[in-house]
Amino acid sequence: MNRGRILLIDDDRDLLKAATDWLTVSGFSVEAFHRPEEAFTALLRAEPDVVVTDVRMPGIDGMTLLNSTVRQKRDVPVVLITAHGDVGLAVQAMKQGAEDFLEKPYDADRLLSVLDKAVEKRRMKREIVRLQGLVGGSEKEDAIVGDSPPIRDLRNRVATLADVDIDVLVIGETGTGKELVARALHRLSRRADGPFVAINCGALPEAIFESEVFGHVKGAFTGAIADREGKFEHAAGGTLFLDEIESMPLGLQAKILRVLQERVVERLGENRLRSVDVRIVAAAKSDLTADIAAGRFREDLFYRLATADVRIPSLRQRRDDIGLLFGHFASLAAHRYGRPVRAVPARRIEQLRQQEWRGNVRELKAQAERFALGLDEPAATVRDASFKDDTLALPERLAAYEALVIREALERNDGNTARAAASLGVPLRTLTEKMSRRGLAGLRKRRQDRGQD
């Protein structure tokens, strides 16, 4: 199996050949160049997974190649190879978009580890973009992300029902994305230019339900100082989403049934019937059979709503999508809050796949956002302990141990990097560079924030 396509540039022919041979034997496809100008031309036509380049080269140097790649191949990560004296330059380059850097002489296993992570990160980004093009991908937050058989079946079901102008019942556990599916049904339908109006039936008090849903006229009750249209009228020409339909009181269920059958509403305090052109998408946490048997839900309303149904799989039924979903939500959060996009370690993804996920995708999204903001302390603790894992390569264990030592020094010094650097006996610049490389830069900010509380 091809581990990835590498564009390798180094003006040192011996090092270039050695690296090319090692990467090829290790399963990578390598296009090697000792002349930067040739590499620059190849970059314009090629689609590598990673660009690996020396920094100091005659003519076009590594920084120029980095800037060109960032501009023209935004999703292609760049790994810099630097001499010891170029480390400061490499750190600056990372701020400009470089993925990572290695100091000469670099460890061959360390190079493989860096490349594997870079390749995986790019493939995940490309997969997210591809999936965002499926079922309403123009809006990233509304994309139905995943590539497991259950989620492919869901997308096909949504695509089939979207343009059929019938009411739909969406069934799924809490946090599976019922409103997401409802919005996709609306966005792909002939009603897409109309409004999408959502009502949480469980959050709306019964005393004001009729007024909110059907509307009222002036003087209908104390405080009704003007006519007001309800949600059914407001959704005219579009879609009305009734979330948690199972929590609707029985008395109101009968009134909703009448509207669904006759497509008319009667405002409170008025005897006039008003026609409504609206599609209903209702959502429930179960198939409602238990609620019907217990007398909590009207059977005739169920059959009126369930002309067609969409069943959303739980996250436990689509564990193969967990890594992709986590990366998707983390990327969205990073862009939303102006943070750099962090690569998700394979070890972390495997840990995520083992979780129970009672809160489904909603719970996963919350964890991904904490990860994007650097707030995932429990996961960081697990990662720090990985230096004891004898299945890892030595460079990875050393990196994990270094991260642990730095983290503890920062905690002891309340996030003050200057004091932490002094306690570790290293220059402040060295510590900040290591914090950046180990993904610990956010610790200083969090500790400062806590001190301001």
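Two strands are taken to pair if DSSP finds at least two bridges between them. In this predicted model, strand 7 and strand 10 run parallel and are joined by 5 bridges; Ala198 stands opposite Phe241 in strand 10. Both strands belong to an open sheet of 5 strands with parallel pairing, in the order 7-10-13-6-14. Helix 6 (residues 149-162) lies across strand 6, strand 13 and strand 14, and runs at about 155 degrees to strand 14.

The largest nonpolar core comprises 30 residues, and Phe232, Leu240, Leu242, Ile245 and Ile256 have the most contacts inside it. Among the elements that give two or more residues to this core are strand 6 (168-171), strand 7 (196-200), strand 10 (239-243), strand 13 (279-284) and helix 10 (250-262). Helix 10 gives the most, with 5 residues. When residues up to four places away in sequence are not counted, Leu240 touches Val197, Ile199, Lys231, Phe232, Ala235, Val278, Arg279, Ile280 and Val281. A second, separate core of 21 residues includes Phe326, Ile349, Val361 and Leu364.

Over the whole chain, 20 helices and 14 strands are present, and 46% of the 453 residues count as buried. Of the contacts between residues at least 6 apart in sequence, 68% join residues at least 24 apart. The chain exposes about 21900 Å², of which carbon and sulfur atoms supply 51%.

Methods
Residues numbered from 1 in each chain as written. Predicted model: local features only at pLDDT ≥ 70, side-chain atom pairs only at ≥ 80, totals over all residues. Heavy atoms only, no water. Helix = DSSP H or I, 4+ residues; strand = E, 2+ residues; numbered from the N terminus. Buried < 20%, exposed > 50% of the residue type's maximum accessible area, 1.4 Å probe, protein only. Contact = heavy atoms within 4.5 Å. Areas by Shrake-Rupley, 256 points an atom, 1.4 Å probe, with all protein chains shown as cover. Core = buried A, V, L, I, M, F, W, Y, C linked by side-chain atoms within 4.5 Å. Axes fitted to C-alpha atoms, helices over the stretch in contact; angles between N-to-C directions.
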